[in-house]
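Subject: Structure for your files

Hello,

Here is the structure I said I would pass on. My notes on it follow below.

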Amino acid sequence: MDKLIRVNDEPLPWEEKLNINRILELKNYTFKMLVIKVNGKLVKKDQYDKFFIPPGADIKVIHLISGG
Amino acid sequence: MIDITIDNKKITVEEGTTILDAARKLNISIPTLCYRPTVEAYGACRLCVVDINDGKGTRMVTSCNYPIKSTLDINTKSTRVLKTRTMLLELMLSRWPNVNFIKRFAAQYGVTKPRFTHPRVDYSTNACILCGLCVSACSEIMWEDIIGFAGRGEDRRVVMPFEKHYDPCIGCSACANICPTGAIRLVDDPNHPADPQRIARYGTRVSNEVALLDHEQCRMREVGTAHLTEIMNDYDLLPTCNYKFGSHANAGQLASNVFYDNFFTKGVPDGCWLGCSMACAKAVENYQLKTGPYRGQKVLVDGPEYETVAGCGANIGIFNPEFVLECNFYCDTYGIDTISFGTATAFTMECYENGILNKNRTGGLELYFGNEQAAMELLHQMGSGKGFGVIVGQGIRRMKTYFAGTYDLNPEQIRFMQDIGMECKGLEYSEYVTKESLAMQGGYGLALKGAQHDEAWLIFMDMVNNQIPSFADKAEALHYFPMFRTWFGLVGLCKLPWNDIEPADNAETDEPAKVPKHVEGYVNYFSGMTGREIDKKELILMSERVYNFQRVFNFRLGFGTREHDRIPYRSAGPVTDEEYESRAERYDKQLLEKWHWDIKGKSTSQKREYLRKMREKDYQSLCDAVYKRRGWDENGVPTIAKIRELKIDFPDVVAILEKYYRKKPD
């Protein structure tokens with residue numbers, strides 16, 4: 001059975017060496033003002049390529065508001 | 001990545017990192033006087049000198065502006081370095097003996113009394129030490145060149161042109177705020193704030209954030225809100241062909257880099273609000289018009305910003321940046337709102353493609369999506385009060401009535417017009433696709449002025465983040481954000497510096513979507529200006545009073561009750577089979593998972609109709625929740641208890657509301 005993670009409450013297959021940048025790419029999250037938490041813990045921008053997602057992780061990619 | 005050593009400590013840094021930044025990462029202190037991260041370092045004071053050895057020999061460089069490009073061995077405390085800094089400080093102290101922080105720095109290097117007296121000694125405690133930060137702030141942060149250096153050597157000094165008062169200076173105070181000695185001070189503030197220092201303190205924070213962070217956040221200084229075009233397209237939110245779709249293969253032709261690379265005037269203040277470092281209102285100079293009464297003339301186009309790109313571009317199926325510029329110019333010249341023009345034209349185009357309009361009815365205009373010539377001719381007709389433009393110029397609400405009353409339309413066509421006419425309370429929708437965000441449908445439908453997003457923009461919170469799943473969550477957002485954003489209108493401040501730039505540590509706050517540190521800033525601007533202490537709760541209360549007054553005005557103008565908060569179905573879901581099928585996987589999944597409705601064997605039309613039933617029901621439930629949260633009754637009327645709580649229960653207000661209560665209030 002594939003291992004899953006959840007990104008903003010939606011399931012996504014887990015893969016080896018899955019980092020934050022890869023998640024943003026898979027979800028096509030191109031907006032820059034993000035707050036990202038993995039299992040409730042904040043991951044800072046300079047860690048997006050170094051932080052590897054564990055299987056079963058609950059990830060929140062909070063898009064802030066801008067424009068208008 | 002490059003390996004270096006600083007004072008025998010090893011560190012790996014990215015190429016281009018300055019020695020000063022690398023040293024700070026190792027907690028190695030290097031003195032600086034003219035360095036600020038918000039402006040470009042230029043090594044004027046030379047206090048930050050260090051010795052570097054690149055394997056070929058040792059030399060002294062200024063660390064603040066030396067980018068690391070190869071392996072280096074750096075010594076920040078060599079005898080030569082310390083001697084150089086000591087001499088520099090002795091020279092400075094000889095010229096400015098009473099400037100506190102020079103005295104302090106000099107004392108750290110054992111200099112308390114210089115051995116000589118400078119011929120131009122200045123005994124002032126607020127002497128200008130020629131660090132140049134003011135000149136850099138004016139030029140780099142404000143994009144002005146009000147002040148600069150004149151003279152050389154001992155005669156070097158900061159001046160305005162010809163050493164006279166220079167009218168373009170509006171006293172933005174960027175120079176005064178960055179000046180380390182107080183040599184520049186704002187002496188005449190016509191607004192007479194109660195506490196100018198308090199306002200400067202919080203205002204400078206935002207200016208610093210813009211200088212340091214904007215390039216990696218929204219790029220407002222480069223492209224303004226036009227950066228949203230590609231973002232909205234990526235998230236399926238860019239209205240395309242009258243909001244049928246949220247993205248288009250050609251959207252890249254309208255992306256912000258197209259305007260930046262080919263059109264925008266760069267590096268000058270925008271004139272929107274002098275002294276605003278965000279400077280997000282963009283302009284295009286020397287644009288040569290192709291049509292209309294000014295054809296052939298070169299003009300300045302004030303924009304475009306995102307709404308204009310989306311409204312006068314994607315939403316009418318046109319992906320030509322020059323068309324958007326032409327529209328932008330003529331809308332401004334004729335006094336026509338670009339959003340209303342775009343949305344109303346998109347409506348007529350869909351009517352044209354569906355047989356509600358034809359060449360006879362439009363006076364020969366072939367208004368299919370993407371027809372640049374017809375759209376531009378329509379704009380000129382609207383501006384000159386001629387032809388079909390006279391009808392379109394009245395807006396979608398009146399067009400619907402006019403078409404239904406004038407042409408031989410069947411009930412299905414009339415219903416179709418109601419579904420695709422993107423207006424609420426008579427105001428055309430601004431440029432966001434709201435089908436997948438119930439909260440944003442409420443953001444438009446429950447906005448008091450009509451379908452505008454400036455009360456609440458909740459699409460990311462709702463649709464992308466899934467942060468506000470319940471009706472109560474959405475209602476809370478549709479209470480807080482409209483109240484907060486109304487406050488900008490009350491005090492006459494721009495909303496953009498609230499959340500189009502964010503503090504570096506905003507992510508670490510409890511409620512990043514509210515940008516708590518900027519809310520704190522607004523509280524302090526208010527108190528600093530008026531001398532009256534408030535807190536963030538009172539800020540919301542101020543708005544809530546006015547917001548409820550505005551609702552009362554809605555009633556006076558005939559728009560207050562529930563039926564006027566209804567939205568066209570295009571705002572809530574797919575009107576046509578074509579739309580449903582374009583996102584069939586999404587809608588099918590929702591029918592199955594959210595509403596547990598068996599889609600097997602069902603036609604697209606059947607699925608679309610069921611989806612509609614569910615989504616329209618959800619919208620009404622949202623209205624119930626929002627009315628309750630706002631203290632309004634089930635018909636959207638502020639209750640007597642609410643207006644009493646807000647202390648706005650004046651007899652004439654009560655008299656208006658009483659006409660609308662279905663049940664007599666207790």
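The buried residues of α26(B) are covered by elements including α18 (438-445), α20 (471-491), α24 (577-582) and α25 (584-593) of chain B. Helices here are DSSP runs of H or I with at least four residues, strands are runs of E with at least two, and both are numbered from the N terminus. This is a predicted model, in which local features need pLDDT of at least 70 and side-chain atom pairs count only at pLDDT 80 or more, while totals for chains, interfaces and linings use all residues. Residues are numbered from 1 along each chain as its sequence is written, and chains are lettered from A and ligands numbered from 1 in the order in which they are written.

Helix α26 of chain B covers residues 604-630, 27 residues in total, and spans 38 Å from its first C-alpha to its last, close to the expected 39 Å (1.5 Å times one less than the number of residues). Its buried residues include B:Leu611, B:Arg615, B:Tyr619, B:Leu622 and B:Val626. A residue counts as buried with 20 or more other C-beta atoms within 10 Å of its own, as exposed with 12 or fewer, and as partly exposed in between; the C-beta atoms are placed from the backbone. After α26(B) comes B:Gly631, with a positive phi near 80 degrees.

α20(B) also packs on helix α23 (residues 536-556) of chain B, at an angle of about 85 degrees and with the axes 8 Å apart. Axes are lines fitted to C-alpha atoms, for helices over the stretch in contact, and angles run from 0 to 180 degrees between N-to-C directions. The two helices α20(B) and α23(B) are therefore roughly perpendicular (65 to 115 degrees; under 35 is roughly parallel, over 145 roughly antiparallel, the rest oblique). Among the residues that meet are B:Phe484 and B:Trp487 in α20(B), and B:Leu539 and B:Tyr547 in α23(B). The residues of this contact divide into 10 nonpolar, 2 polar and 1 charged. Contact means C-beta atoms, placed from the backbone, within 7 Å. Nonpolar covers Ala, Val, Leu, Ile, Met, Phe, Trp, Tyr, Cys and Pro, charged covers Asp, Glu, Lys and Arg, and the others, Gly among them, are polar.

Chain B as a whole has 28 helices and 11 strands. Of its 666 residues, 42% count as buried, and its C-alpha atoms fill a box of roughly 100 × 60 × 55 Å along the principal axes.

The domain assignment gives chain B domain 1 (2-77), domain 2 (128-178), domain 3 (220-428) and domain 4 (470-658); such bounds come from an automatic or database assignment. The C-alpha centres of domains 1 and 2 of chain B are 28 Å apart, and 8 residues of domain 1 are in contact with 8 residues of domain 2. On the domain 1 side, these are 5 nonpolar, 1 polar and 2 charged.

Some backbone details may be worth a look. The peptide bond from B:Gly303 to B:Pro304 is cis, with omega near 0 degrees, and B:Pro304 is in the loop between β9 (298-301) and α10 (306-311) of chain B. B:Leu130, not a glycine, has a positive phi of about 60 degrees and is partly exposed, with 19 other C-beta atoms within 10 Å. B:His596 has a positive phi near 50 degrees; B:His596 is exposed, with 7 other C-beta atoms within 10 Å.

Regards

How values were computed
Two residues are in contact if their C-beta atoms, placed from the backbone, lie within 7 Å.
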